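Please read it with the structure open.

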Amino acid sequence: MSTHTARPSIESARRDAAHFIDGAFTQGATGKSWENHCPLDNSVIGHVPEAGKAEVDAAVTAARAALDGPWGELTVAQRTDMLAAVANEITNRFDDFLAAECLDTGKPYGTASHIDIPRGAANFKMFAETVKNISTETFILDTPDGANALNYGLRRPKGVIAVISPWNLPLLLMTWKVGPALACGNTVVVKPSEETPLTATLLGEVMNKVGVPKGVYNVVHGFGPNSAGEFLTQHPLVNGITFTGETRTGEAIMKQAAVGLRQVSFELGGKNPALVFADCDLDKAVEGTLRSAFANCGQVCLGTERIYVERPIFEAFVARLKAGVEGLRLGRPEEPSTTMGPLVSMEHREKVLSYYKAAVDEGATVVTGGGVPDMPGDLAQGAWVEPTIWTGLGDDARVVNEEIFGPCCHIRPFDTEEEAIRLANSTRYGLAAAVWTENLARAHRVAGKLDVGICWVNSWFLRDLRTAFGGSKQSGIGREGGVHSLEFYTELSNVCIKL
Ligand code: NAD
C-alpha cells in the first residue's frame, strides 16, 4: 500500500505521447497521429503518433542489437540491480505515474495509488528477485557400459519479446510482462493500448534515468490490425509474443504469430462467476462482491459479472449489494470521496450501454442503475455509466454469457452445490471465480471442480505475485507469475557433459 497522501492534479500529465525507440523519444516519420481523449470529460489530452512498419522495424532492430550487445553482456546481478532501480524510480516518480494513469483512464486516485502504480514497481522488484533464485534440474546418467554424463538445464533468454497490452490497468499489466521479460535477459518492444499511451511512454524516461541500455525497452504506439500491433507481431525478429486483451484479438494474434512459429502467452477475457453459499459470512461476501463486480468501473479481467447466490440468502444478498452499489461515489480522480470513475472511452460506453439495453430487452429486472448518470459541468461529456445490477434473466441471455467489461452484474439464485458448479462452468471462458463459504470442506470441493485459472475463496484480487496467473478454456494460453513466467520468457537448454 502506498503512503502517498499528496494529490497532484491530473492536469500536469497532459501532453503528446511519443514512441521510445533505441533510448530516444521520437514522433516517427509516418506523419499519422490520433487524439488521445480523457474519459472524464472527453477533452483532448494530446496527440499520439502512429507507428508504421519502419518505426516498428527500428524498435525491433534496436531490441535485437541490445540483446546481442550491452544487455546480453550483463551478469544476472547487474541486470537485476538495474531492474530494482527501475522499481525505485517508479516509486520516486509516483505522482507523475499516478496523474498520467488517471488522466488516461479516469480511474480514481484511490484505485491507482493502491493498485496500479505500486504494482508497476512491484512487478520489476519481484521478478528481479525471482531470477536470482532459480534452479534447474540436474541428472547424472550412470549406465553399466560406462556412458556416464552430467546433464543440467540452462535457462537462456528467449530473445526479443513483443508485449501487447490493454487499457484497463495499463502500467500494471504492461510491467507484469516487461518485468519478467527483462529479468530473464530479454529485450522488449511494447505496443500499449491506443486508449492509454501515457504511462508506457513515461517508463522510457525511467529506463534512461537508471541507465538501462538503449534498445532494451522500446515503445511503439498504434492500433491493432494493419497498424503497429500487427506489424510488431509479424516482425520476423520477434521471438515471442505476450498479449493481454480480448479473446478474439488473441485469435488474430495467434494467426500472426504462426508465421515463423513464434510462441505466445495469452491472458484473455473472462465472464467470471461468484458463488455465494448460504453458509458464507454475508458481510464479507457482499463487501467482496461489491469490489469484484465494480472496482475499476467493472473493467477488470478478473471481475465478477455473474453472481450465483444460494436461495435462502438470495433476497438479502441482492438488497445488500444494491445498497453497496448505491453508496458508490462517481467523480473526479483527485476527489478523496470518489470510488468510481468513468469507463475508458466513449466508444466503450456505447458497447456497455448496448448491453444495458439488451438486458432490458431480454426481460431483466433492473435492481439499480441501468442508465447514464447526471454528471456536473464538463463531466457531463465523459464516458460515465451507472453501476448496474440485474436479476431475472435466463441462462442464455447475452449479458449472462458475453463479457461486458463494465460496472454491472447479473444475480441468479441456485439450490444445490452441483447446480452452482454447473452454472459457474457453463461458459467458454475460464479465468477466475470467487467462492464465498465458511465451510472448509465445501471450499476445497468446489475449488477443485471449477474450470478456472484462479479460484478465490472468501476473497478477490488477493494476489501473491509468485503464484501462477492465467486462464483456462478461452481465457488464455500459458501461465505467468513467479517461476511460471520463466516457462515463456526463457528457452530451457539441456547441457550434457560426458564424464
Ligand atoms: P483488445 O484485445 O481490444 O486490445 C488489446 C491490445 O491488443 C491493444 O494494445 C490493441 O491495440 C492490440 N491489438 C488489437 N488487435 C491487434 C492485432 N490484430 N494485432 C496486434 N495487436 C492488436 O483488449 P482491450 O479492450 O484493450 O482490453 C480489454 C480486454 O482485455 C478484455 O477482454 C479483458 O478481459 C482482457 N483482459 C484480460 C486480462 C487477463 O489477465 N486475462 C487482463 C486485462 C484485460
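The lining of the largest pocket draws at least three residues from each of domain 1 (10-268 + 475-498) and domain 2 (272-464), the domain bounds being those of an automatic or database domain assignment. The model is predicted, so local features need pLDDT of at least 70 and side-chain atom pairs count only at pLDDT 80 or more, while totals for chains, interfaces and linings use all residues. Residues are numbered from 1 along each chain as its sequence is written, and side-chain values use heavy atoms, with hydrogens and water left out.

**How the spaces are defined**

- On a 1 Å grid over the protein atoms alone, a cavity is a set of points where a 1.4 Å probe fits but cannot get out, whereas a pocket is an open set with protein on both sides within 12 Å along at least five of seven lines, and lining residues have an atom within 4 Å of a point.
- Grid points are joined across faces, edges and corners, and a volume is the space filled by probe spheres set on the points.
- Helices (H or I, at least four residues) and strands (E, at least two) are DSSP runs, numbered from the N terminus.
- In the residue classes, Ala, Val, Leu, Ile, Met, Phe, Trp, Tyr, Cys and Pro count as nonpolar, Asp, Glu, Lys and Arg as charged, and the others, Gly among them, as polar.

**Largest pocket**

- The largest pocket holds about 1200 Å³ of space, and of the 46 residues that line the largest pocket, W167, S193, E194, E195 and E246 are the closest to its centre.
- Two or more lining residues come from each of β3 (33-37), α8 (228-234), β10 (240-244), α9 (247-258) and α12 (346-361), and α9 gives the most, with five residues.
- By class, the lining of the largest pocket has 19 nonpolar, 16 polar and eleven charged residues.

**Second largest pocket**

- For the second largest pocket the volume is about 790 Å³, and of its 29 lining residues the closest to the centre are G110, T111, H114, I115 and R291.
- The elements that give two or more residues to this lining are α5 (109-132) and α10 (282-294), with α5 giving the most, eight residues.
- The lining of the second largest pocket divides into 17 nonpolar, six polar and six charged residues.
- Because domain 1 and domain 2 both give residues to the lining of the second largest pocket, this pocket lies between them.

**Cavities**

- By the rule given above, there are five cavities of 30 Å³ or more.
- The largest cavity, with about 90 Å³ of space, is lined by R119, L169, L172, L173, W176, V300, C301, L302, F461, R463 and F469.
- Helix α6 (residues 170-183) gives the most to the lining of the largest cavity, with three residues, and by class this lining has nine nonpolar, no polar and two charged residues.
- The largest cavity lies between domain 1 and domain 2, because both give residues to its lining.
- About 60 Å³ of space lies in the second largest cavity, whose lining includes K107, W167, N168 and N296.
- The lining of the second largest cavity has five nonpolar, six polar and one charged residues, and this cavity lies between domain 1 and domain 2 because both contribute to its lining.

**Buried residues**

- K107 lies in the loop between α4 (94-105) and α5, and K107 counts as buried at 3% relative accessibility; buried means under 20% relative accessible area, exposed over 50% and partly exposed in between, with a 1.4 Å probe and protein chains only.
- The side chain of K107 reaches the backbone oxygen of N168 at 2.8 Å, and a polar contact of 3.2 Å joins the side chains of K107 and N296.
- A polar contact is a pair of N or O atoms within 3.5 Å; within protein, one must be able to donate a hydrogen and the other to accept it, and residues adjacent in sequence count only if both atoms are side-chain atoms.
- T242, in strand β10, is buried at 0% relative accessibility, and its side chain makes polar contacts with the side chain of K177 (2.6 Å) and with the side chain of Y489 (3.4 Å).
- L431 is placed in the loop between β17 (429-430) and β18 (432-436) and is buried, with a relative accessible area of 3%.
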